[in-house]
Amino acid sequence: MGDSPTDRVRAAARRGGALRRFDWALAVSASALAVLGAILVWSATRERGRLTGGDPQYFLKRHLLNLAVGLVLAAAVSALDHKRMRALTPAVYLFAILGLFAVLSPLGSTVNGARSWIELGAGFSIQPAEFAKVGVVMAAAMAMSARPAVRRAPDMLAPVFDARRPGDAPSGRLIGLALLAAAVPTGLIALLPDLGTTMVVVATMAGVIVVSGVRLRLLLLLGLAAAGAVALVVKFHLLAAHQVNRFAAFADPNLDPQGVGYNTHQARLAIGSGGIFGQGLFHGAQTNGQFVPEQQTDFVFTVAGEELGLVGGLVIIALFGVLLWRACVIARGATEPFQLLLAAGVLSWFTFQTFENIGMTLGIMPVAGIPLPFVSYGGSSMFANFIAVGLLENVRLRSTR
């Protein structure tokens, strides 16, 4: 038997309410970044016949296809029921772990010194480390929200070090559980080796822990433990040679500009030559000359700096500013710990990865081999980023305020 007219009216009202609560600024800023990325990727690759196989629009079409799939994924995730989202978290986390084990097996392939890819055939591949970011965010949020004390998000965000309400702070057991959940994929990613993604996961976990309301004393202890871990990595030379070279080039910008410092040297030349308004789209000398390596992926911001100038670069940064602002607003509007920590994890992820990527092209951060969210070419990255947007929209739609 069909729905009554009253039921249909109520359903329409619910849909209308969802549309009003949908964060359009978040969705539009992410989509605009992806569209700008398609244009920049096209400019960076249209003259590179060896990469495109003779089709100048090859990367443009693939990037737009990735964007379309990403939007579908974001819509699907945002539509999930809150309880179903939480119930799916272990499965998402397990999928991420199995993917990382697969890439470390004979199924994985090595690109630029990192065993990060699984070739699917027909020109398609998958990078499990990108989806591991989603798994870590969801698992950490689930682990650290499993406590009886529930408070509204604004109280959890400010102040997070309020010792007058000890019952609200997560216990050491929950923090340990969350750190263990993050340690497994982080260790596997470090074995690839993929230093950039490792840094993103660590920064994401740090953001989740801070927002969870952990006591200052425990936070300081965790910081000391992290510093000790970094010291051990340096002492026992656990970094690969190319990773050490990247840090050396960061410490000395003039170090071997034709060798280990080549990437950063060429990136600065490209951005510096753009001036205020740039050399014009498709007219960048460094871009057309193919001097900047990996320009469609890790160094895509150099295309904007050279061809669109300071103005174009600021437009991209402004769009990221809108995206991060909306993520922060969504986190503050969350009414359950799981929702808050989920949004805070995504916010930390996007903030650090954006700063690191743009920073390495400007020479203020070491080269870490991570893409610029939404802008760089890459299906796995695009899918993971839009899944994260879907998580934010899910929190927004299901918050009571």
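In which helix is Thr204 found? In this predicted model, Thr204 belongs to helix α9, which spans residues 195–211. With a relative accessible area of 4%, Thr204 is buried. Beyond residues up to four places away in sequence, Thr204 touches Val137, Gly345, Ser348 and Trp349. The loop between α8 (172–191) and α9 contains Pro193, and the peptide bond that joins Leu192 to Pro193 is cis, with omega at about -5°.

The protein chain as a whole contains 17 helices and three strands. Of its 401 residues, 48% are buried. Among the contacts with a separation of 6 or more, 75% are between residues 24 or more positions apart. The accessible surface amounts to about 18,100 Å², and carbon and sulfur atoms account for 69% of that area.

The largest nonpolar core comprises 85 residues, of which Phe350, Phe374 and Phe386 touch the most other members. Helix α6 (residues 128–144) supplies the largest share of this core, namely 12 residues. Another core, of six residues, lies apart from the largest one; among its members are Ala270, Val292, Met360 and Val367.

Helix α4 (residues 58–78) consists of 21 residues and reaches 30 Å from its first C-alpha to its last, close to the 30 Å expected at 1.5 Å a residue. Its buried residues are Phe59, Leu60, Arg62, His63, Asn66, Leu67, Gly70, Ala74, Val77 and Ser78. These residues lie on the same side of α4 because they cover an arc of only 155° around the axis. The elements that cover them include the helices α2 (24–45), α3 (49–52), α5 (82–104) and α17 (379–398), together with β3 (124–126).

Positive phi values occur at two loop residues other than glycine, Phe282 and Glu294. Phe282, with phi near 75°, is placed in the loop between α12 (262–272) and α13 (285–288). Its relative accessibility is 22%, so Phe282 counts as partly exposed. Glu294 has phi near 50° and is found in the loop between α13 and α14 (301–307). Glu294 is likewise partly exposed, with a relative accessible area of 31%.

Notes: Residues numbered from 1 in each chain as written. Predicted model: local features only at pLDDT ≥ 70, side-chain atom pairs only at ≥ 80, totals over all residues. Heavy atoms only, no water. Helix = DSSP H or I, 4+ residues; strand = E, 2+ residues; numbered from the N terminus. Expected span 1.5 Å × (residues − 1). Buried < 20%, exposed > 50% of the residue type's maximum accessible area, 1.4 Å probe, protein only. Arc of directions from axis to C-beta. Contact = heavy atoms within 4.5 Å. Core = buried A, V, L, I, M, F, W, Y, C linked by side-chain atoms within 4.5 Å. Areas by Shrake-Rupley, 256 points an atom, 1.4 Å probe, with all protein chains shown as cover.
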